[in-house]
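Here is a short report on one protein model. Look at the sequence and the fold first, then read on.

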Amino acid sequence: MALTDFLKTEEQQRVVDAIAEAEHCTSGEICVHITPRCWGSPYKKALRKFYKLGLFKTERRNAVLIFVAYKSRKFAIIGDEGINNCVPEGFWNKALQQLGDKLKTGEPCQGLCQAIHLIGEQLSAFFPADKEENNELSNEIIYED
């Protein structure tokens, strides 16, 4: 199995470009992690990945992980404490709803890009871009078999 089973090569690039565009206006970081399967709670699995990947180490604690287990049809979004302390109540549910709607209709690229855009808007409102752009995390999609 490969990432291309879920996102075509050109769609992968669209997601990477969406991350770069969203991060252009914020000091926040957005990471996309895709795996085929998730047993149990996608939130708990995403939280473990968040810490395993060291996303909590960003300077302002404003990293976000979008986690998708496409064969299991599960997904989660995890924000670090810096962003969680700022976003309005229900924000993550809105991002999850947008992503879930597109995953259900077989439009994963569109769903990821929409969620990234929405998250980027919130990050930029609370964590505007620094004068010196410091990309603390890679914009590449993380794929795990």
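This is a predicted model: local features need pLDDT of at least 70, side-chain atom pairs count only at pLDDT 80 or more; totals for chains, interfaces and linings use all residues.

Start with the strands. Four of them form an open sheet, and their order is S3-S2-S1-S4. The pairing is mixed. S3 and strand S4 (142–143) are the edge strands, and each pairs on one side only.

S2 and S3 run antiparallel to each other, joined by six bridges. Phe67 has Ala76 in S3 as its bridge partner.

| H4 (residues 91–104) | S2 and S3 | about 150° with S3 |

H4 touches S2 and S3.

**Helix H1**

Helix H1 covers residues 9–24.

H1 has a buried side. The buried residues are Glu11, Gln12, Val15, Val16, Ala18, Ile19, Ala22 and Glu23. Seen down the axis of H1, these buried residues fall within an arc of 155°, so they line one face of the helix. The spacing follows a general rule. An α-helix has 3.6 residues a turn, so residues three or four places apart point the same way.

What covers the buried residues of H1? The cover includes S1 and H5. On the other side of H1, Thr9, Glu10, Glu21 and His24 are exposed.

**Two arginines with positive phi**

Arg61 is not a glycine, yet its phi is positive, at about 55°. Arg61 lies in the loop between helix H2 (42–52) and strand S2 (63–69). Is Arg61 exposed or partly exposed? Its relative accessibility is 25%, so Arg61 counts as partly exposed.

Arg73 also has a positive phi, near 55°, in a residue other than glycine. Arg73 is in the loop between S2 and strand S3 (74–79). At 70% relative accessibility, Arg73 counts as exposed.

**The cysteines**

How many disulfides does the structure hold? The number is zero. Two cysteines show the details.

Take Cys38. Its closest cysteine sulfur is in Cys31, 16 Å away, which is too far for a bond. Cys38 has a relative accessibility of 3%, so Cys38 counts as buried.

Now take Cys109. The nearest cysteine sulfur is that of Cys113, 4.1 Å away. The cut-off for a disulfide is a pair of cysteine sulfur atoms within 2.5 Å. Cys109 is in no disulfide. Cys109 counts as buried too, because its relative accessibility is 2%.

Technical notes:
Residues are numbered from 1 along each chain as its sequence is written. Side-chain values use heavy atoms; hydrogens and water are left out. Helices (H or I, at least four residues) and strands (E, at least two) are DSSP runs, numbered from the N terminus. Buried means under 20% relative accessible area, exposed over 50%, partly exposed in between (1.4 Å probe, protein chains only). Two strands pair if DSSP finds at least two bridges between them. Contact means heavy atoms within 4.5 Å. Axes are lines fitted to C-alpha atoms, for helices over the stretch in contact, and angles run from 0 to 180 degrees between N-to-C directions. The expected span of a helix is 1.5 Å times one less than its number of residues. The arc is that of the directions from the helix axis to the C-beta atoms.
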